[in-house]
Amino acid sequence: MLSLLALLILAATLITVFYLQLSLTVGSITFVVAYLLCGVLFAGWLLNPLLLILVAAALVVLNHPGLRRKLIVQPVFNSLGKVMPPIGDTEREAIEAGATWFEAELFSGKPDWDDFSKTRFTTLSEEEQSFIDNEVEQLCGMLNEWQIYHELRDLPEEVWQFLKDKGFFGLIIPKEYGGKDFSPYAQSRVMSKIATRSLTAAVTAMVPNSLGPGELLAKYGTDEQKQRWLPDLAAGKEIPCFGLTGPEVGSDASNLPDRGVICTQEVDGEEVLGMRLSFAKRWITLAPIATVVGLAFKLYDPDHLLGDEEELGITCALLPADTPGVEIGRRHNPGGSPFMNGPINGTDVFVPLDAIIGGPDMAGKGWRMLIECLGAGRGVSLPALATASAEMGYQTAGAFGRIRRQFNTAVGQFEGVQEASAEVAGLAYTLEAYRHLVTRGLEEGTISVVTAMAKYHSTEMMRRLINRGMDIASGRAVQAGPRNFMALPYQAIPIAITVEGANILTRSLIIFGQGALRCHPFLYDELNALQDEDKERGLETFEALFLKHAGHTIGNMCRGLVHALTGGRLADIPANADSFSTPWYRLISRYSAVLASTSDAAFALLGGDLKRRELLSARLGDAHSQLLIACAVLKFHGTLPRDEANDAHATYALHHALSQAHEALEAFYRNLGVFGIGCLLKGWFFPLGRPAGAHRPGDDLIRTVGDQIMEPTSVRESLASFTYRCDDPEDAIGRVENTYRKLLEVEPAYLAFLKADGKGELDGETLEERLHVAVAKGVIAGDKVNELLEYDALRYDCLLTDAFDFELKEVKMHTERPV
């Protein structure tokens with residue numbers, strides 16, 4: 001028994017040493033003291049000379065630099081150097097582009113919560129708020145998405161002119177060139193509000209303000225290029241597009257088949273140094289109407305006109321759309337959505353060398369430029385579309401669930417429907433929270449890992465949310481027509497998901513594949529040391545990193561175990577955490593240590609093969625992403641009034657995020673397949689089972705949130721404030737919203753009438769007759785009859801779907817109802 005106590009004390013000592021991250025020397029002395037005391041007080045066999053020699057030898061090897069290098073570091077260095085795959089130039093550029101943010105803290109295993117607590121969500125400036133309240137509001141009032149989709153197949157001419165005149169194409173362009181220079185948050189708010197009215201208009205305004213010539217010029221252009229192009233782009237006199245993807249290149253944009261060759265050509269009697277371009281681009285938004293074309297291509301210099309290198313690499317250039325040889329103007333039909341999208345082709349197109357964005361010095365540097373500029377599309381525009389869909393889905397699903405009745409009960413009160421509506425509510429809350437956090441992070445720089453997370457998870461949440469909304473509205477949602485408030489967002493889901501790279505590859509290759517190297521405190525530097533041509537220098541660098549890495553990994557392993565055994569009570573939390581957020585921050589700290597340790601175990605066991613084991617790496621990326629989403633939810637929760645609705649929505653969103661993080665880790669352990677290590681890791685980190693906060697939302701919470709989505713709560717009002725509020729009773733969404741508001745006014749009397757009518761207590765052939773009987777019997781007040789008749793007319797009209805003539809061309813509504 002005493003021997004067991006001694007072993008427990010020694011184990012606890014080691015765990016404490018690594019948990020506190022003591023130095024190697026201090027940790028060794030602490031262990032020696034504990035070992036000797038245990039030997040003297042509890043287990044004399046620990047003082048056996050052979051054991052003492054073994055312990056002393058191990059400590060000497062660890063603490064003696066020469067022995068440590070020869071017996072530990074050098075063999076590890078040699079072994080890893082043989083199995084780790086080299087980092088290619090393109091991959092290196094992608095990894096090194098941009099910066100990390102709080103996602104790196106979550107990957108460290110010990111987040112700096114004090115730093116996180118200082119992060120404040122961005123607020124709109126007076127100019128930005130005025131633009132949203134006026135120009136954006138006016139634009140939304142000009143839009144009719146059914147007309148745009150099914151009649152015009154384009155935006156109305158007056159909308160195009162309004163977009164140009166009011167500066168919608170220059171939101172990211174600096175003020176000195178006539179742009180508005182809005183913050184990422186303001187850009188997101190503009191795009192999402194437009195999207196609540198028209199996806200077509202939102203995409204049209206979105207593209208010039210994301211990946212495209214404007215951003216590239218603003219960041220990398222020469223002074224001459226900026227003066228030439230930016231004022232006209234900001235004023236809408238030039239319409240830009242950017243050609244990156246093509247028939248054989250989508251997500252793998254680094255392997256562009258499009259070529260440019262440095263050459264000379266006579267132009268107006270003078271010999272000009274330039275490039276001869278051949279390219280075939282597809283799926284390029286705004287291409288059919290663009291006046292200026294940005295291009296990405298691989299540049300070659302076979303005659304060495306610029307220098308010694310023959311293959312210069314990916315390059316970005318800008319050329320007028322009417323350049324001889326450029327073929328432009330045809331349209332694609334992206335999922336039926338009529339925004340301008342089409343191919344661009346060119347054969348032997350000659351442009352001068354100063355067409356390269358940034359000038360000749362930027363030849364071959366286009367891939368890094370593109371990686372750093374993808375953040376606007378991934379982190380601002382696409383999540384803005386997803387958030388807009390979510391907030392409109394929240395409004396319509398909640399309202400329709402209260403309006404539509406079956407079996408004399410609002411459909412939103414059926415538990416099966418509440419399972420769907422609660423998910424709509426939780427995801428909408430999450431998406432708005434995530435939008436706030438990601439756009440705030442973009443102000444810190446190009447956070448490529450976070451924006452990849454945002455693109456994937458936002459659009460996938462949108463997919464789930466709209467599908468659930470379709471389930472709730474059911475037959476009302478599947479019949480296309482100008483009354484339908486769900487069909488067009490549903491139709492557009494695949495567009496947002498496939499833009500900026502397929503979601504499958506974003507999840508399986510980018511989020512963890514690049515994120516692990518960008519966020520890990522040692523891994524990327526270790527790989528560089530392993531590939532150092534100077535092996536002695538590489539070994540020296542590797543040794544320092546390896547020792548820190550080992551301590552980091554074991555420390556996180558110990559931290560994960562301690563948090564599991566104590567319920568996270570020792571975990572760090574922000575100093576300003578309140579009673580609601582404290583247990584959640586503790587749980588995120590716990591999962592941060594688990595993620596960091598599990599990732600290091602994966603690196604150690606699988607090495608370079610982890611890159612090919614996409615199912616495993618994607619699950620680690622999922623866990624990482626969901627921890628960041630949970631942080632966003634907590635931060636957003638603190639910005640809203642502290643009431644029951646806010647707490648319930650946040651609790652649902654946190655359960656949803658952390659349950660997905662846990663399930664991703666469990667799937668990783670289950671499929672690791674290396675000598676049962678996965679089972680050991682799961683047992684180590686979760687010896688008491690899954691934490692309560694990481695379970696999926698329970699039935700009581702589902703019922704609560706399912707009820708709240710139908711109520712005029714603070715959350716509903718907050719989410720609605722980001723949308724365009726349409727009061728037009730003939731509009732698809734305005735019709736539902738007006739009916740919902742009227743229901744809130746008359747519902748007590750309406751429910752009293754329905755209860756009595758359902759029991760057969762009210763005689764009469766018509767509704768009006770039965771209402772008068774209800775007045776006579778004291779069921780409702782006399783002044784409620786006209787109000788209830790008005791509401792019932794709105795209700796019936798709200799439930800109608802469009803009917804067309806036989807050729808499905810003209811709407812032929814028949815609104816007479818049976819008595």
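Good morning. Please keep in mind throughout that the model is predicted.

I shall begin with helix 2, which covers residues 24-41.

Which residues of helix 2 are buried? They are G27, S28, F31, A34, Y35, C38 and G39. Viewed down the helix axis, these buried residues fall within an arc of 135°, and therefore they line one face of helix 2. As background, an α-helix has 3.6 residues a turn, so residues three or four places apart point the same way. On the other side of helix 2, I29, V40 and L41 are exposed. The cover over the buried residues includes helix 1, residues 2-19, and helix 3, residues 49-63.

Let us turn to helix 15, residues 366-403, where we find Q395. Is Q395 buried or exposed? Its relative accessible area is 6%, and since buried means under 20%, Q395 is buried. Leaving aside residues up to four places away in sequence, Q395 touches R716, L719 and A720.

My next topic is the aromatic rings. A pair of aromatic rings is described by the distance of the centres and the angle of the planes. How many aromatic pairs does a search of the whole structure find? The search finds 20.

One of the pairs is F400 with F485: the ring centres are 5.9 Å apart and the planes stand at 50°, so this pair is tilted. The pair links distant parts of the chain, for F400 belongs to helix 15 while F485 sits in the loop between helix 18 and helix 19, 85 residues apart. Both F400 and F485 are buried.

F542 and F546 form a stacked pair, because their planes are at 20°, with centres 5.6 Å apart. These two residues are four apart in helix 23, so about one helical turn separates them. F542 is buried, at 1% relative accessible area, whereas F546, at 21%, counts as partly exposed.

Ring pairs also link F102, W113, F116 and Y585 into a cluster.

Finally, I mention two arginines placed over rings. R228 lies over the face of W229, 3.7 Å from the ring centre. R259 lies over the face of Y300, at 4.2 Å from the ring centre.

Thank you for your attention.

Note on methods: Residues are numbered from 1 along each chain as its sequence is written. This is a predicted model: local features need pLDDT of at least 70, side-chain atom pairs count only at pLDDT 80 or more; totals for chains, interfaces and linings use all residues. Side-chain values use heavy atoms; hydrogens and water are left out. The expected span of a helix is 1.5 Å times one less than its number of residues. Buried means under 20% relative accessible area, exposed over 50%, partly exposed in between (1.4 Å probe, protein chains only). The arc is that of the directions from the helix axis to the C-beta atoms. Contact means heavy atoms within 4.5 Å. Rings of Phe, Tyr and Trp (its six-membered ring) pair if their centres lie within 6.5 Å; planes under 30 degrees apart count as stacked, over 60 as edge-to-face and the rest as tilted. A charge sits over a ring if NZ of Lys or CZ of Arg is within 6 Å of the ring centre and within 35 degrees of the ring normal.
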